[in-house]
Amino acid sequence: MIRLDLSREPRWLDLGHDVRLRVAPLTTSLMAAARSDPSVTSLPEGASNEIIAVTMAKALARLVVLDWEGVGDEAGEPVPVTPQGIDALLDILPLFEAFQLRY
């Protein structure tokens, strides 16, 4: 049985390591938008599955991450959510894997 969650409210997603992301609910429209992201469409033909997965996850995260907790700069000061920050966060393997698995 499929259990539909019709809520369109953002929710907090725990990635571990004291990091949480406030994310929009995943929809087909968001997945289509991520697939159309220039970083995805400009991948060379024959790109590895790993490169495709990372690029797609980052494109999706840039669309859905609305806020975060537990993300700071070198001095430990909280930083705002930015596309570059999202990409850097997902460059940390355990956080990338948690995002892929839990979102």
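Reply: Contact here means heavy atoms within 4.5 Å. The model is predicted: local features need pLDDT of at least 70, side-chain atom pairs count only at pLDDT 80 or more, and totals for chains, interfaces and linings use all residues. Residues are numbered from 1 along each chain as its sequence is written, and side-chain values use heavy atoms, with hydrogens and water left out.

Start with Val-64. Leaving aside residues up to four places away in sequence, Val-64 touches Arg-22, Val-23, Ala-24, Leu-30, Phe-99 and Tyr-103.

Now the core. A nonpolar core is a set of buried Ala, Val, Leu, Ile, Met, Phe, Trp, Tyr and Cys residues joined through side-chain atoms within 4.5 Å. Buried means under 20% relative accessible area, exposed over 50%, partly exposed in between (1.4 Å probe, protein chains only). The largest nonpolar core has 26 residues. Leu-15, Leu-21, Val-64, Leu-89, Phe-99 and Tyr-103 touch the most other members. Elements giving two or more residues include strands E1 (11-16) and E2 (19-23) and helix H3 (49-64). H3 gives the largest share, six residues. Helices (H or I, at least four residues) and strands (E, at least two) are DSSP runs, numbered from the N terminus. In soluble globular proteins, nonpolar side chains tend to be buried together.

Most residues other than glycine have a negative phi. His-17 has a positive phi of about 55°. Asp-18 has a positive phi of about 65°. His-17 counts as exposed, at 61% relative accessibility. Asp-18 is exposed too, at 71%.
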